[in-house]
Amino acid sequence: MTTPSEPPRWLTGPEQDAWYAWRRMFPLVNAEIARDLSQDSALSEADYDVLSVLGSTDGHRMRISKLAEMMHWSRSRLSHQLTRMEQRGIVRREDVAADGRGAEVVLTEAGVETITTAAPLHVESVRRHLIDILTPEQLAVLAEVGETLRIRFGVERKT
C-alpha cells in the first residue's frame with residue numbers, strides 16, 4: 001500500500017491488459033453460464049451453489065453454519081436463500097438431534113433430483129463458455145492463477 005508521500009505505482013501496459021482481461025472475463029463468462037442455468041434448470045447461481053455443495057456431502061446434509069462458512073456467505077444471506085429453496089421443496093432445515101445446538105440443511109428427494117438433472121447441463125455450459133474455448137496451456141495458467149490467489153487469500157481448497 002502506498003503512503004501519501006509515495007507516488008502511485010501505475011500499471012504498465014501488460015499489467016493494464018491483464019487487469020482489463022480479469023475485469024471483463026468473469027462477468028462475461030459468468031453471465032452466459034448463469035443464463036444457461038436459469039433456462040436449462042430454472043435455478044439461480046445461488047440455488048446451484050447450495051445444491052452442488054449439499055449434493056457432494058454424505059447424506060446430502062450439512063450444518064448451516066458450516067455451509068455459510070464454506071460458501072463465504074453471511075448466515076443471513078444463506079438463511080434467506082434457504083427460505084426460498086424450502087418454499088420450492090428442494091431443501092429442508094432440521095435440528096441437529098445429537099447436540100440440539102444447531103441446525104442442518106438437507107436436500108429433499110426433489111433437491112437430489114434437481115441437482116442430478118442440472119449438473120450435466122451446467123457442466124456442458126461451463127465447457128461451452130470457458131473450457132472448450134481455451135487451450136490446455138491456457139487452462140493450466142488459469143488454474144495456476146486461481147491457486148495462487150486462493151492461497152494468498154487463505155481460502156481452503158474444496159474438492
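Predicted model: local features only at pLDDT ≥ 70, side-chain atom pairs only at ≥ 80, totals over all residues.
Where does Thr108 lie? It lies in the loop between β3 and α5, and with a relative accessible area of 13% it is buried, because the cut-off for that word is under 20%.

If we leave aside its neighbours within four places in sequence, Val91 is in contact with Leu51, Leu54, Leu82, Met85, Glu86, Val105, Val106, Leu107 and Thr108. Val91 is also among the residues with the most contacts inside the largest nonpolar core, together with Val50, Leu51, Leu54, Leu67 and Leu78. Which element gives the largest share? The answer is α2, from which six residues of the core come. As a general remark, in soluble globular proteins nonpolar side chains tend to be buried together.

Now to the sheet. It is an open sheet of three strands in the order β1-β3-β2, and the pairing is antiparallel. The edge strands are β1 and β2, each of which pairs on one side only, and from one strand to the next the twist averages 25°. Helix α2 packs on this sheet, where it touches β1, β2 and β3, and its direction makes about 95° with that of β3. Helix α3 lies across β1, β2 and β3 as well, running at about 90° to β1.

If you follow the pairing strand by strand, you will find that β1, which covers residues 61-63, pairs with β3 in the antiparallel sense over three bridges, and that Arg63 stands opposite Glu104 in β3. Strand β2, residues 91-95, pairs with β3 in the antiparallel sense over five bridges, and there Arg92 stands opposite Val106 in β3.

Is β3 largely enclosed or largely open? Four of the five residues of this strand, which spans residues 103-107, are buried, so β3 is largely enclosed by the rest of the structure. Ala103, which has its place in strand β3, counts as partly exposed, because its relative accessibility is 25%. Not counting residues up to four places away in sequence, Ala103 touches Met62, Arg63, Ile64, Glu94, Asp95 and Val96. To give a sense of distance, Ala103 and Glu137 are 34 residues apart in sequence and 44 Å apart in space, C-alpha to C-alpha.

Let me now come to the helices, and begin with α2 and α4. The axes of α2, residues 45-55, and α4, residues 75-87, come within 11 Å and cross at roughly 90°, which means that α2 is roughly perpendicular to α4. The residues that make this contact are Ala46, Asp47, Val50 and Leu51 of α2, and Leu78, Gln81, Leu82 and Met85 of α4. Sorted by class, the contact has six nonpolar residues, one polar and one charged.

How do α2 and α5 meet? Their axes come within 10 Å and cross at roughly 110°, and therefore α2 is roughly perpendicular to α5. On the side of α2 we find Tyr48, Leu51 and Ser52, and these meet Gly111, Thr114, Ile115, Ala118, Ala119 and His122 in α5. By class, this contact has five nonpolar and four polar residues, with no charged ones.

I would like to end with two loop residues and their backbone angles. In general, most residues other than glycine have a negative phi. Ala42, however, has a positive phi of about 55° although it is not a glycine; its place is in the loop between α1, residues 13-41, and α2, and at 60% relative accessibility Ala42 counts as exposed. His60 also has a positive phi, of about 55°, without being a glycine. His60 is found in the loop between α2 and β1, and with a relative accessible area of 27% it is partly exposed.

Key
Residues numbered from 1 in each chain as written. Heavy atoms only, no water. Buried < 20%, exposed > 50% of the residue type's maximum accessible area, 1.4 Å probe, protein only. Pairing = 2+ DSSP bridges. Axes fitted to C-alpha atoms, helices over the stretch in contact; angles between N-to-C directions. Parallel < 35°, antiparallel > 145°, perpendicular 65-115°, else oblique. Contact = heavy atoms within 4.5 Å. Nonpolar A, V, L, I, M, F, W, Y, C, P; charged D, E, K, R; others polar. Core = buried A, V, L, I, M, F, W, Y, C linked by side-chain atoms within 4.5 Å.
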